[in-house]
Amino acid sequence: MKQVIVRNNLRGMDNEKKRSASFSKGLLQSELYQYVLETNVYPREPELLKELRDMTATHPRAIMATAPDAGQLIAMLLKLINAKRTIEVGVFTGYSLLLTALTIPEDGKIIAIDMNREAYEIGLPVIRKAGVENKIEFIESEALPVLDQLLEDPGNENGFDFAFIDADKINYWKYHERLMKLVKVGGIVVYDNTLWAGSVAMP
């Protein structure tokens with residue numbers, strides 16, 4: 001289960017702190033984390049991503065969104081490998097999707113897979129405002145059939161630079177098996193929740 005941080009200590013916090021409490025999924029679950037957000041993460045967050053984060057904060061499942069600090073790590077990884085073709089499994093309202101679209105080059109492409117188009121459409125106006133909808137191929141479907149279909153085309157093997165997975169955890173290994181064929185050597189596959197809010201380090 002994902003955690004909501006500072007959930008019992010919202011009184012007296014400003015709006016930015018309240019929003020961050022809904023998005024805090026990292027291991028630094030303390031005032032230190034808030035300090036990192038306020039001094040390093042929020043000042044570097046593009047306005048359109050902030051707008052989408054604010055829109056998502058009112059959603060009943062806002063905790064499912066990619067945290068802004070995790071998003072900036074993803075952007076750094078995309079830039080490090082000059083990613084151009086990417087896959088995203090699990091889109092929700094599209095924070096990480098917009099971040100990726102803003103980071104990759106103009107001729108970059110993202111295969112974005114999610115079973116819930118309704119959530120994706122919450123963020124779609126911001127994606128359109130950013131002028132990056134043309135980089136996104138959104139597929140409303142379970143992920144495994146789409147990944148298998150991609151693999152039917154030999155041209156897709158080792159054809160992707162980057163993949164981000166934030167979906168049903170029970171299928172992570174099945175996604176991994178397929179992504180090892182789709183993502184090229186030297187590419188990066190990022191999985192959300194692998195440390196499960198630090199619980200993997202607990203006794």
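Reader: In this predicted model, does Leu80 count as buried or exposed?
Author: The place of Leu80 is in helix H4. Its relative accessibility is 60%, and the cut-off for this class is over 50%. Leu80 therefore counts as exposed.

Reader: What is the area of the nonpolar surface patch to which Leu80 belongs?
Author: Leu80 makes this patch together with Leu73 and Met76. The nonpolar surface patch made by these residues has an area of about 310 Å².

Reader: Which element gives the largest share of the largest nonpolar core?
Author: The largest nonpolar core has 26 residues, and Leu97, Tyr120, Ile127, Ile136 and Phe162 have the most contacts inside it. The elements that give two or more residues to this core are H3, helix H4 (68-80), helix H5 (95-103), strand S2 (109-114), H6, strand S3 (136-140) and strand S4 (160-165). The largest share, 5 residues, comes from H5.

Reader: Which residues does Phe162 contact, leaving aside its neighbours within four places in sequence?
Author: Phe162 is one of the residues with the most contacts inside the largest core. With those sequence neighbours left aside, the residues in contact with Phe162 are Ile74, Leu77, Leu78, Ile81, Ala83, Arg85, Thr86, Ile87, Val183, Ile188 and Val190.

Reader: How many residues does the second, separate core have?
Author: Ile87, which is in contact with Phe162, is included in this second core. Val146, Ala167 and Tyr172 are also among its members. The second, separate core has 20 residues.

Reader: Within what arc do the buried residues of helix H7 fall, seen down its axis?
Author: In helix H7 (residues 143-152), the buried residues are Ala143, Leu144, Val146, Leu147, Leu150 and Leu151. They line one face of the helix, because their arc, seen down the axis of H7, is 165 degrees.

Reader: Which residues are exposed on the other side of H7?
Author: The buried residues of H7 line one face of the helix. What covers them includes strand S1 (85-89), S2, S3, S4 and helix H8 (172-182). On the other side of H7, the exposed residues are Gln149 and Glu152.

Reader: How far apart are the closest N and O atoms in the salt bridge of Glu45 with Arg53?
Author: Side chains of opposite charge can pair when their charged atoms come close. Glu45 is buried, at 6% relative accessible area, and Arg53 is buried as well, at 0%. In their salt bridge, the closest N and O atoms are separated by 2.6 Å.

Reader: Why are Asp54 and Lys50 separated by about one helical turn?
Author: Asp54 is partly exposed, with a relative accessible area of 24%, and Lys50 is partly exposed at 22%. Their closest N and O atoms are 3.3 Å apart in a salt bridge. The separation is about one helical turn because, in helix H3 (residues 47-56), the two are apart by 4 residues.

Reader: What is the N to O distance in the salt bridge of Arg117 and Glu121?
Author: Both residues lie in helix H6 (residues 117-130), about one turn of the helix apart. Arg117 is partly exposed, at 30% relative accessible area, and Glu121 is partly exposed, at 40%. The N to O distance in their salt bridge is 2.9 Å.

Reader: How many salt bridges does the count come to?
Author: The pairs include Glu45 with Arg53 and Asp54 with Lys50. Asp148, Glu177 and Arg178 are linked in a network of salt bridges. With a cut-off of 4 Å between nitrogen and oxygen, the count comes to 10.

Methods:
Residues numbered from 1 in each chain as written. Predicted model: local features only at pLDDT ≥ 70, side-chain atom pairs only at ≥ 80, totals over all residues. Heavy atoms only, no water. Salt bridge = Lys/Arg side-chain N within 4 Å of Asp/Glu carboxyl O. Buried < 20%, exposed > 50% of the residue type's maximum accessible area, 1.4 Å probe, protein only. Core = buried A, V, L, I, M, F, W, Y, C linked by side-chain atoms within 4.5 Å. Contact = heavy atoms within 4.5 Å. Patch = residues over 30% accessible without salt bridge, like charges linked within 9 Å, V, L, I, M, F, W, Y side chains within 5 Å. Areas by Shrake-Rupley, 256 points an atom, 1.4 Å probe, with all protein chains shown as cover. Arc of directions from axis to C-beta.
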